[in-house]
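Student: I would like to learn how to read a structure, one feature at a time. Could you take me through the one shown here?

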Amino acid sequence: MSPHSVIRSARRLVVKVGSSSLTGVDGGIDVARLVALSNALARRHLDGTQVVLVSSGAIAAGLHPLELASRPHDLATQQAAASVGQGALLAAYTHAFGLHHITVGQVLLTADDMTRRTHYANARRTLDRLLDLGVLPIVNENDTVATSEIRFGDNDRLAALVAHLIDADALVLLSDVDALYDAPPHRPGARRIPIVRGPQDLAGVEVGGSGSKVGTGGMATKLEAARIATAAGVVTVVTAADRVLSVLAGEDVGTVFLPVGVRGRSRRLWLEHATTARGRLIVDDGAVAALVHRKKSLLPAGITSVEGTFHDGDPVDVCRPDGTPLARGLVNYSSSELPALLGRSTRELARDLGPEYEREVIHRDDLVLL
Ligand SMILES: Nc1ncnc2c1ncn2[C@@H]1O[C@H](COP(=O)(O)OP(=O)(O)O)[C@@H](O)[C@H]1O
Ligand SMILES: N[C@@H](CCC(=O)OP(=O)(O)O)C(=O)O
């Protein structure tokens, strides 16, 4: 099967559209482009494919009602614009898909939803249920509540994580550029890269930032998204929004990234890619060996120092004695509790402080080696 035909035959598909493909010259939402995209996705949905749309554009849609000339730089104004714009965006999609008698559902996610076990399971259940009910979910980052530390900021990575979360067959990233080029596309002589089989095909490729006033990540975040999705076994295509019909038909457009990993719904991939560590635990050589070679959980006895401020359940990096990160995991203690426990055995801690102190600092199931 050709890599593009995977898109044609996919039964579960995540399609992400960037702000730059939904906005007109004035920076506001271009309804004609939104409707054209919705028509293409509606056709596919009505053919029986489960489609999830990850749509940017909330901030762009909020510019005009708030009389802002361009995308604001400060987080509070971005959040205010997203608050106004997300409603308008969903209203436009509800209308556009409604013309095809398709019901849409809004799903707003934060980075925390990608890491905490209960949130992750909850997000997955909701998306599965929406799809079972024949709804077309429309996902965006929950911009109005995300703080700068826990923000995704771009929807490319979010789309890759959603593709992994729902075990999609393919991920399509729609932008204002028709493919990945070996240099920023406005550069004379820049050439389209039709297929990426692995990291070796990206050697020497030069990526720049966003070419539009409203987009955020440029090509770099799309490559990162492709890396996450393909590591989870999901075929990924980058192309322009106006090629959506061609890409869904399996035509050779854009850049296709072949899977390098196996399919599966492992939460650990999320841990690695979706989280920002809130602190660092420096461990001794014995703990390094236990984590790397014996696949053990991290216990207080092997930790030599604690850095940062974090709560029970937060992501932290586990670092070697020289400070280089070794693993990322969800910690079972806060940064105020941990220092008193360092270097002590769990048996001793349970005896002196109570049975709840027998728990590991990071359980193996909540740990991924970097
Ligand atoms: N090597 C490259 N190949 C293709 N596009 C590139 C490259 N380097 C930078 N870009 C820019 O990335 C832009 C797409 O990113 P962005 O504006 O963030 O889109 P979106 O809003 O769709 O996420 C393109 O318009 C292009 O100018
Ligand atoms: N959540 C933001 C998306 C951020 C953004 O601009 O992303 P993108 O256009 O995909 O680079 C919004 O809806 O405005």
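Student: In which helix does Asn 155 lie?

Tutor: Helices (H or I, at least four residues) and strands (E, at least two) are DSSP runs, numbered from the N terminus, and Asn 155 lies in helix α7. Please keep in mind that this is a predicted model, in which local features need pLDDT of at least 70 and side-chain atom pairs count only at pLDDT 80 or more, while totals for chains, interfaces and linings use all residues. Residues are numbered from 1 along each chain as its sequence is written, and chains are lettered from A and ligands numbered from 1 in the order in which they are written.

Student: Is Asn 155 buried or exposed, and with which residues is Asn 155 in contact?

Tutor: A residue is called buried if 20 or more other C-beta atoms, placed from the backbone, lie within 10 Å of its own, exposed if 12 or fewer do, and partly exposed in between. Asn 155 is buried, because 27 other C-beta atoms lie within 10 Å. Two residues are in contact if their C-beta atoms, placed from the backbone, lie within 7 Å, and, leaving aside neighbours within four places in sequence, Asn 155 is in contact with Lys 16, Val 54, Ser 56, Asn 140 and Glu 141.

Student: At which residues does UniProt place the feature "binding site"?

Tutor: The unreviewed UniProt entry places that feature at Ser 56, Asp 143 and Asn 155, although such annotations may be inferred rather than shown by experiment. These residues are spread over 100 residues of sequence, yet they cluster in space, with a largest C-alpha distance of 10.8 Å. Asp 143 has its place in the loop between β4 and α7, and it is buried because 24 other C-beta atoms lie within 10 Å. Leaving aside neighbours within four places in sequence, the contacts of Asp 143 are Ala 58, Ile 59, Gln 78, Gln 79 and Ala 82.

Student: How many residues surround ligand 2?

Tutor: A residue is counted as near a molecule if its C-beta atom, placed from the backbone, lies within 6 Å of it. Here 17 residues surround ligand 2, and the closest are Gly 18, Ser 19, Ser 56, Ala 58 and Ile 59. The largest share of this shell, three residues, comes from α3, and α3 (58-63) and β4 (136-141) each supply at least two residues.

Student: What is the order of the strands in the open sheet of five strands?

Tutor: Strands of a sheet pair through backbone hydrogen bonds, either parallel or antiparallel. Two strands pair if DSSP finds at least two bridges between them, and in this open sheet the order is β10-β9-β11-β12-β13, with mixed pairing. The edge strands, each pairing on one side only, are β10 (303-308) and β13 (367-369). Strand β12 (residues 325-330) runs antiparallel to β13 and is joined to it by three bridges, and Gly 329 has Leu 367 as its bridge partner in β13.
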